Structures are given as structure tokens and as C-alpha cells.
Amino acid sequence: MIRDERIPSDELRRIDEAVRDDWPTGDDVDFEEAVAYHESLPAHKRFADVLESADAPLLQPRAGVPRLEDQIELLAYLHEAGEADLLPTTIDSYTRDNAYEKAREGLETARETGEDALNGFPAVNHGVSGCRELIEAVDAPVEVRHGTPDARLLAAITFAGGFQSFEGGPISYNIPYTNRHGLAETIENWQFVDRLAGAYTERGVRINREPFGPLTGTLVPPSIAIAVMLIEGLLAATQGVRSLTLGYGQVGNVVQDVAALRALRELGEEYLPDEVVVTTVFHEWMGGFPPDEARANGVIGLGGMTAAIARPDKVITKSPQEFQGVPTREANAAGLRTTRQVIDMAIEQAIDIDGVEEERELIERETRCLMDAVFDRGDGDVVRGTLEAFDAGALDVPFSPSDSAEGAVLPARDDDGRVRILEWGDLAMDDEIKEIHGARLSQRADAEGRDQSFRMVADDVDAISEGKLIGRPRDRGDA
């Protein structure tokens with residue numbers, strides 16, 4: 001069985017050579033030359049340093065188009081018109097599936113027609129030189145954002161190309177995304193990614209790693225998201241990563257979101273080694289958006305207010321056009337400015353909210369139950385413990401397409417709109433916590449005059465897109 005052990009140098013080289021043989025642009029990767037290239041970059045493009053030294057939340061959108069010149073133009077626009085502090089390069093779906101030939105065909109079509117024939121930037125096809133042209137052309141740090149179960153070649157090329165931050169992880173880019181890869185397989189793939197990041201770090205090039213906190217993005221209980229972040233952080237730290245940004249996706253209740261972000265930071269600093277610098281990222285609402293742009297801006301504004309109170313190190317913003325799919329660059333920039341306006345107005349205010357500390361303590365207690373289940377099953381080995389915990393359902397993610405998760409956990413909102421667990425499956429949680437969740441869901445059911453059921457879950461999934469937080473029955477007779 002795969003274990004939580006650092007990949008030896010000779011094994012790292014062997015895997016690296018095999019991975020780079022998968023596509024011709026892999027031949028252009030030269031580790032020593034890449035280290036020298038990173039050292040030549042100015043301080044304001046060094047992702048980890050910029051992020052870790054910020055004194056207020058930095059803003060970063062999502063953005064990716066196939067052609068290099070268009071990606072450069074898009075990022076420059078978001079940096080200038082949107083006032084983005086950090087920039088993304090979102091990778092196309094073919095590259096995420098390691099279908100580099102299809103990505104090549106899409107890139108050629110985009111070049112011939114001028115149309116966006118891919119839904120992102122095919123970094124593997126652009127190769128090291130294309131990535132460096134992008135890094136040199138924009139005036140802010142840039143992160144690779146994707147969704148790839150096997151991101152080994154993508155990491156090798158983008159690291160050599162000058163990118164200094166890389167999103168994702170073996171659980172967060174498996175369980176919420178795919179049923180085609182086993183968890184042991186993706187953990188092994190991502191051990192290489194993290195070890196390669198660690199190798200750069202040991203040469204003075206600190207590669208920031210960012211596990212994907214929202215997971216399935218749908219009513220994810222905070223403790224589950226935080227436990228996955230801690231696990232992926234621990235796995236990355238074993239491989240030498242020293243800059244970790246732990247993520248969390250907005251659930252919409254301000255008390256719970258602020259509490260969760262504070263718990264995430266505290267638990268990250270507690271569980272991860274002292275040599276790791278822990279930062280946090282807050283993802284604005286990842287679920288369905290209202291079709292009306294004015295209402296969508298309200299959702300974005302709530303995210304900005306939450307960030308101003310909780311003060312994560314980074315915020316991933318949304319646009320008022322989320323409902324229709326990929327936003328225009330103008331809408332993307334507008335989402336950035338809306339978030340910035342709210343944060344700038346609110347961050348200097350002393351805003352105290354009742355219930356945050358109580359909720360934080362509950363989230364931390366729940367997270368410890370999940371982490372104990374991993375440590376106990378693995379006898380101290382995080383890889384073994386994670387595999388066995390997911391296999392037993394002791395660790396689970398709601399609404400997951402992956403066969404590696406039991407998928408038995410069902411969340412629903414309580415009467416305040418905080419995400420609780422309606423059905424537990426085999427999740428490792430103590431009975432008192434289950435009683436707390438049950439009591440709070442019972443209060444909502446009583447208030448709405450209906451039984452606790454899957455109908456509450458379905459109503460809550462659609463609520464924000466329909467202009468509410470909690471999926472209340474429209475007609476008591478429908479309960």
C-alpha cells in the first residue's frame with residue numbers, strides 16, 4: 001500500500017522523466033534552468049511572498065481562454081479594470097483529463113477561427129515557452145487553477161514555465177470531480193506534484209500549494225471541508241511543500257462562514273508542521289446563482305462582507321453572470337470590484353457577531369473527530385488512514401460522483417441557515433454532535449410544519465439561485 005513517505009530523489013527523477021514523455025512539450029523542461037528562471041522573476045511576481053505579506057484579503061478571479069495572446073489580454077484587463085491582486089490561469093477540460101491531443105486540436109481551431117474552442121488555457125500544449133511568455137507579460141503573480149486528477153505533467157511544465165502557485169489535491173480533485181480514478185491512484189499522482197513543488201522550494205523557489213476547499217460546492221459541512229484541507233496539507237508537507245493555502249467555500253450563513261474560516265486557520269496552524277506557512281482562501285458562493293444580475297451582486301456582496309469580518313488571506317471572486325456560465329471579462333472585473341468595495345468599506349469596522357465562537361468550537365470539535373478517525377485507522381500514516389476512512393465512510397463528502405466516497409452524508413440547513421447533517425451514514429462523529437445537528441434541524445422542521453426529509457435538502461440546494469438562503473416550502477401544504 002502507498003504510504004505517507006517522501007519520494008526519494010532518484011524516484012522523483014524517474015517519475016519526472018516518464019511523465020514528460022507523455023507529450024512533446026515535456027522535453028523542454030529542465031529543472032536547473034527553471035530554478036534560475038524563477039530566481040530572475042521580480043519580487044512582485046513571487047506568489048507565496050506576495051500572498052503571505054498582505055495585510056488585507058487579496059482578490060483573485062477565475063479566468064482561462066485557449067489562445068496565449070487572449071489569455072494575456074484577459075489577465076491584464078482583470079488586473080487593471082478589475083483591480084485583481086492575484087491572477088489565475090484556468091486550465092481547459094481536455095488537459096484536465098490528460099487528453100492533450102484533443103487540447104491541441106481545440107487550440108488549433110481557436111487559432112484558426114478566433115473562437116474559444118476550449119474552456120480554458122491548454123498550458124501543456126503551450127509548453128514552457130508559452131507559460132513564460134504569459135508570466136512575463138502580466139504584472140502580478142499567477143496561479144494554475146484546474147481540476148486534474150493526474151496533474152503531474154501539468155505541474156512539471158507550469159512550474160518550469162514560471163508559475164509559483166498550483167491549486168488542487170488528491171482528494172479535492174478526485175472525490176468532487178470524477179469516478180474514473182481511485183483515491184490511492186490520485187494520492188500517488190499528487191505526491192509527485194507536491195514533491196516537485198518541494199524540490200523547487202528546497203532550491204529557494206517557494207511554490208505555493210492550494211488544496212481546493214469547496215469540494216462539491218453544494219452545502220458542504222465546514223468540518224468535512226476543513227478535514228480534507230488538513231489531510232491534503234499534511235500530505236503536501238511530507239513532500240516538502242512549505243507554503244500552503246487552505247481553502248473554504250462559502251455556505252451563506254455569515255456566522256458559520258466566519259467561524260469556519262477562523263477554525264480553518266487555527267486548525268491549520270495546529271495540525272501542520274511549524275515550518276509550513278499557512279494561509280487561507282475564501283471562495284465566494286460556488287452553488288447556483290440567481291439569473292438576475294442585481295440579485296447575483298447581492299450574493300457577491302455577502303461574500304465580500306464575510307471576508308471583511310473573517311479576513312482570509314485571499315478571496316476567489318465570482319461574477320454577476322455566473323448563472324449563464326462563463327462570464328464576460330467586464331462581468332468578471334465587476335465581480336472583483338463589487339467584492340473590493342464591500343471589503344474596503346467593512347474591514348476597518350469592528351464587527352462582532354453573536355454565535356461565532358460557539359460555532360467555531362463546534363466546527364473544531366467535529367473536525368477533530370474526523371481527523372482522529374484518519375489517524376487511528378492509519379496508525380499515524382495519513383495516506384493509509386485516509387484511504388481506510390473513506391472506504392469505511394468514516395470520512396465522506398456529500399453529493400460526490402466518486403466511487404472512492406460512500407456518498408451517504410446528506411446536509412441541510414437549520415432554521416438559521418447553517419449547514420447541518422441530516423443523514424450521517426458512517427461518518428465518524430460523536431453522538432453528542434449528532435444530537436446537536438438533529439435538534440437544530442428539528443427546530444427548522446417544526447417552524448416550517450414539515451418532517452425532516454430529503455425535500456429539505458433539495459429545497460436548500462436551489463434556494464440561493466431562487467433568491468433565498470433557506471429552502472422554505474412555498475406552501476405549508478407542500479411540506
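**View 1. Side chains of R62 and H283 in a polar contact.** The side chains of R62 and H283 are joined by a polar contact of 3.0 Å, the term standing for a pair of N or O atoms within 3.5 Å, of which, within protein, one must be able to donate a hydrogen and the other to accept it, while residues adjacent in sequence count only if both atoms are side-chain atoms. The model is predicted, so local features need pLDDT of at least 70 and side-chain atom pairs count only at pLDDT 80 or more, whereas totals for chains, interfaces and linings use all residues. Residues are numbered from 1 along each chain as its sequence is written, and side-chain values use heavy atoms, with hydrogens and water left out.

View 2. R62 lies in the loop between strand 1 (58–60) and helix 4 (68–80), where helices (H or I, at least four residues) and strands (E, at least two) are DSSP runs numbered from the N terminus. Because its relative accessibility is 24%, R62 counts as partly exposed, the class between buried (under 20% relative accessible area) and exposed (over 50%), with a 1.4 Å probe and protein chains only. Beyond its neighbours within four places in sequence, R62 is in contact (heavy atoms within 4.5 Å) with residues including P88, R145, F212 and N332.

**View 3. Surroundings of H146.** H146 is found in the loop between strand 3 (142–145) and helix 8 (152–160), and counts as buried because its relative accessibility is 5%. Residues up to four places away in sequence aside, H146 touches, among others, R96, E167, Y173, Y177 and W190, and the side chain of H146 also makes a polar contact of 2.7 Å with the side chain of T148.
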